[in-house]
Amino acid sequence: MEEPIISVRGIGKRYRLGQTLSNDTLRDHITEIVSTIGKIFTGRWRPRKAGDEYIWALKDITFDVEAGEVLGIIGRNGAGKSTLLKILSQITEPTEGEARVRGRLASLLEVGTGFHQELTGRENIFLNGAILGMSKSEIIKKFDEIVAFAEVEKFIDTPVKRYSSGMYVRLAFAVAAHLEPEILVVDEVLAVGDAAFQNKCLGKMQEVSRGYGRTVLFVSHNMSAIQTLCGRVVYLNQGRVKGIGPVQEQITAYLRDLKGDGVSTGEFDYPLGEVFTLKNLKFSPNPVVSGTDVNFHLRIEPKKDTSIFDLQILIYSVYGVRVGIIDLRRPDGNPYILSQNKPLEITGKIKSLPLVEGDYRIGLYVYCKEYYRDFYDITAVSVGAKQSSTASIPCKPIYRGIVEFDASFESNING
Amino acid sequence: MADYERVIKARKGIVSIDFAELWRYRELFLFLTWRDILVRYKQTYIGVTWAALQPLLTMVIFTAIFSLVGKFPSNGAPYPVLVFAALLPWQFFANAMTESSQSLVASERMITKVYFPRLIIPASAVMTGIVDLLISVLILIAMMWGFNVPFTPRLLMLLLFFIVAFLAAFSVGLWFSALNVRYRDVKYIVPFIVRMGMYISPVGFISDVVPERYRFLYNLNPMVGVIDGFRWCILGARFEPYWEGFLVSILVIIILLITGAIYFRSMERTFADVI
């Protein structure tokens, strides 16, 4: 049997906790060194205890990827997916363990890396291509193809700062999509662009993996994309491999865990970035019967004084299609101004929930003073079937899509 | 290219420079240099004007202060040319060092998304300064012509001294770019060094004014040897550098370069985590 193209053995990555270190400036560091020397001489020096200020983002990760395989990586926010990709892309070093990568690897951790606003589309293609590891002759060979794929022929000599955001993203993805590495690492790029372009990207990835036998590592919250593209899935949970195997099996396990965690109580300790902790996110009743009212409750505690400009609950179908959002911005247009002892508490109601029975995944979008970010898969809501008011048996949920209309009709044939 | 295999694991101790890898990434180095130059002269229409104006104005002020007011000796050379000959390498050094010190922090997005040898970043930032230098060279030619300074074959030696200036800027840039990632106050130290350095280095005066017994010490500033060399090439044998001192300058640069590279490589593994 051939050697696996990637083999990961016991990889672990440890991060230091806490953002503000005592010696963040050169001046403080020098002061600290001097005072440490002073303490050594006066006999008051104590070595710092190791271990208590660190956190393992990844631990004991071991798996193989065969050449030509499309491997999906799933897990909640903070499960270590991105850290794993960063280690395999050599952006950051593991603390322990070893990985062997046999072939050229290119990562699409974020499209448009190295794009410069002042440069034209043409110039950015060359620059970005070089950054992503293409040679000049490769770029020249593929130039027309890239421009055509991005649909920006007319604007190729315009600085990208005049591009619409859609054009910008298309161009950025087009360059990345035309890389020809043995291993392609893709993280959530499909979240960008409109639906038509997303389909095009999916198609391109499929072509890359099937047509050219390229190996792909694919991280996404979009389970239908994972299902379509991947042959096998690694499920990460809290920095460890929770499961590895067939796609459907791992997705099911993931969704089952998602439903289990804090869904009934709504109690959480979920970090929403560096500034907030989500303490409560509860839908009641849960499960809820389709067509009836559902109440929600949300409690966010800030770690420091800050403001939230945008806050939205994101509702996704099981396969990661966004069903809708609940916009929680203040009606008067002002931000929520929060302080450490003043958490944000919101209660509300969705009237007669118009969803087909099934599980729905709940996320949050937070735009605060410090950052804006999506948080996927915080919790889940189960929607149960409503009592049918007709004599016919309802169609199976998979045929009914997502939305349950409150529709009525009459016909001319009676009796 | 499946024939090469990379082993990813924690590196410990001193990490040597992987020259083979740097060579593989040579095109990226040129592309980044090209981008920096393009952006620099695109953003400001007065970019070129400014590149010319800055040394010209400094030259006028220094000539006024050191020659007219301070009555510093000039070894019989026209004072404006004498100052400008020193400004040429000094401005290059100051700009290149400043740019490369900021370069890693400015490339944060690239560093956290894509792998490539990070050494490329401060190196290409130093390269960017060459365009400004070429503009200054044109002015120098005009000045030499205007002040009747003869053009001699020794001018070709400028290239050698330029390489020394380049290495000086790169070695300091290596240190500060890596320090800058880790310590937030480094960005305030660099402008201070540039400002002080302009007066400590023999830009407004000739190094002969430094007492003989201190000259050896004076050359610990690596730019002293470079500036003396530039004057010698441009103004002739009267400005013969103090060669022992020049060797000291070279030695200082070599030490800075080696220690800078070691420090940079040891910090490199944590760049993406702390930047």
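This is a predicted model: local features need pLDDT of at least 70, side-chain atom pairs count only at pLDDT 80 or more; totals for chains, interfaces and linings use all residues.
**Confidence**

Chain A has an average pLDDT of 83, and 91% of its residues score at least 70, while chain B averages 87, with 96% of its residues scoring at least 70. Within chain A, helix α6 (residues 195-211) has the lowest confidence, with a mean of 71, and strand β17 (residues 344-350) has the highest, at 93. Among the elements of chain B, the lowest mean pLDDT, 82, belongs to β1(B), and the highest, 93, belongs to α7(B).

**Strands within chain A**

| Strands | Sense | Bridges |
|---|---|---|
| β3(A) (residues 70-74) and β8(A) (residues 232-237) | parallel | four bridges |
| β8(A) and β9(A) (residues 240-245) | antiparallel | five bridges |
| β12(A) (residues 288-289) and β19(A) (residues 372-384) | parallel | two bridges |
| β18(A) (residues 358-368) and β19(A) | antiparallel | nine bridges |

L71(A) has R232(A) in β8(A) as its bridge partner, and Y235(A) is in turn partnered by G243(A) in β9(A). The strands β8(A) and β9(A) form a hairpin with two residues between them, and in its turn Q238(A) has a positive phi of about 50°.

A hairpin through three residues joins β18(A) to β19(A).

Chain A also holds a salt bridge between E96(A) and K59(A), whose closest N and O atoms are 3.1 Å apart. This pair links distant parts of the chain, with E96(A) in strand β4 and K59(A) in strand β2 (residues 54-65), 37 residues apart. Side chains of opposite charge can pair when their charged atoms come close.

**Where the two chains meet**

The contact between the chains takes 49 residues from chain A and 38 residues from chain B. Together the two chains bury about 4100 Å², of which 55% is on carbon and sulfur atoms. Of the area that chain B buries against chain A, 18% is supplied by R6(B), I8(B) and K113(B), more than by any other three residues.

Strand pairing also crosses from one chain to the other, because DSSP finds at least two bridges between paired strands, and β4(A) (residues 96-102) pairs with β1(B) in the antiparallel sense over five bridges. In this pairing, R102(A) stands opposite E5(B).

The count of salt bridges between chain B and chain A is one; E98(A) and K9(B) form a salt bridge, with their closest N and O atoms 3.8 Å apart. The count of residue pairs in polar contact between the chains, both at pLDDT 80 or more, is five.

Several elements of chain B each supply at least two residues to the side that touches chain A, among them β1 (5-9), α5 (108-113) and α11 (243-274). The element that gives the most to this side is α2(B), with 10 residues. By class, the side of chain B that touches chain A has 21 nonpolar, 15 charged and two polar residues.

Definitions and conventions. Residues are numbered from 1 along each chain as its sequence is written. Chains are lettered from A and ligands numbered from 1 in the order in which they are written. Side-chain values use heavy atoms; hydrogens and water are left out. Contact means heavy atoms within 4.5 Å. Buried area is the accessible area (1.4 Å probe) that two parts lose on being put together, summed over both. A salt bridge is a side-chain nitrogen of Lys or Arg within 4 Å of a carboxyl oxygen of Asp or Glu. A polar contact is a pair of N or O atoms within 3.5 Å; within protein, one must be able to donate a hydrogen and the other to accept it, and residues adjacent in sequence count only if both atoms are side-chain atoms. Ala, Val, Leu, Ile, Met, Phe, Trp, Tyr, Cys and Pro count as nonpolar, Asp, Glu, Lys and Arg as charged, and the others, Gly among them, as polar. pLDDT is the predictor's confidence in each residue, from 0 to 100.
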